[in-house]
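Subject: Structure with ligand, for your files

Hello,

Here is the structure I said I would pass on.

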Amino acid sequence: MSPSIRVRTPSELRAARRRKAHSCWGHLVAAPLWPLHGANLGTLLRTCDAVGACLAVPRFPWVPEALRRGNTLRRPACVHWVHDPPGWLAREKAAGTAIVGVELADEAVRLADLTPARGRTIAVLGHEQQGIPPDALDLLDTVVEIPMVGTGASLNVAVAGSLVLYKLAGLL
Ligand SMILES: C[S@@+](CC[C@H](N)C(=O)[O-])C[C@H]1O[C@@H](n2cnc3c(N)ncnc32)[C@H](O)[C@@H]1O
């Protein structure tokens with residue numbers, strides 16, 4: 001006999017969620033610092049809200065509007081504006097923040113072996129075509145790769161970032 005499955009209603013789901021977005025906890029930060037497509041920023045913003053992370057993005061002229069359009073939440077997640085990505089990463093690293101690159105790289109650990117973040121951690125995501133630039137690669141403490149068995153060269157950056165954020169948040 002198959003189990004009886006009851007899907008939770010929207011009002012039950014709302015009642016189980018926070019009433020307001022978290023204020024800046026600063027513990028976990030998703031950093032798509034070289035974005036190309038606004039839709040990916042909207043997807044990452046929703047994941048940030050789900051896992052209690054902040055989003056760090058450059059203030060390119062089109063980014064505020066992309067976040068406004070992509071924000072389908074009642075209240076937005078925490079957004080930090082980054083003016084100089086390599087300089088910001090270097091300052092964070094010097095202050096003790098763990099810098100985790102999400103990238104396809106020889107030195108990468110597999111997602112399954114990534115442990116949840118213990119202190120302030122930034123998950124650095126690459127450009128949709130060129131990946132993480134070389135000057136930022138030099139600043140990474142760890143690189144994590146999501147294994148793939150299909151024919152595509154890589155995952156969508158928002159999918160890759162969301163998987164890693166869930167693991168860093170300890171929710172997977
Ligand atoms: C579309 S990929 C970059 C393109 C890639 N250099 C290529 O040649 O296909 C964009 C970003 O998504 C993330 N990404 C995509 N697939 C990934 C995977 N399997 N493991 C880790 N990161 C991944 C990385 O941050 C990467 O820089």
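What follows covers the ligand, its contacts and its pocket.

This is a predicted model, in which local features need pLDDT of at least 70 and side-chain atom pairs count only at pLDDT 80 or more, while totals for chains, interfaces and linings use all residues. Residues are numbered from 1 along each chain as its sequence is written, and side-chain values use heavy atoms, with hydrogens and water left out.

The shell around the ligand holds 19 residues, of which V102, E103, G126, I146 and L155 come nearest (near: a heavy atom within 4 Å). By type, the shell has 11 nonpolar, five polar and three charged residues.

Distances between N or O atoms:
- E103: a side-chain atom is 2.7 Å from an oxygen atom of the ligand.
- S154: a side-chain atom is 3.3 Å from an oxygen atom of the ligand.
- L155: a backbone atom is 2.9 Å from a nitrogen atom of the ligand.

On its own the ligand has 570 Å² of accessible area, and the protein covers 83% of this (Shrake-Rupley, 1.4 Å probe).

The ligand sits in the second largest pocket, meaning that more than half of its atoms lie within 2 Å of the grid points. A pocket here is an open set of points on a 1 Å grid over the protein atoms alone, with protein on both sides within 12 Å along at least five of seven lines; lining residues have an atom within 4 Å of a point. About 290 Å³ of space lies in this pocket. Among its 19 lining residues, E103, L104, S154, L155 and A160 are closest to the centre.

Regards

Key: Polar contact = N/O pair within 3.5 Å; in protein donor to acceptor, adjacent residues only side chain to side chain. 1 Å grid on protein atoms, 1.4 Å probe; cavity = no way out; pocket = protein on both sides within 12 Å on 5 of 7 lines; lining within 4 Å. Nonpolar A, V, L, I, M, F, W, Y, C, P; charged D, E, K, R; others polar. Points joined across faces, edges and corners; volume = space filled by probe spheres on them.
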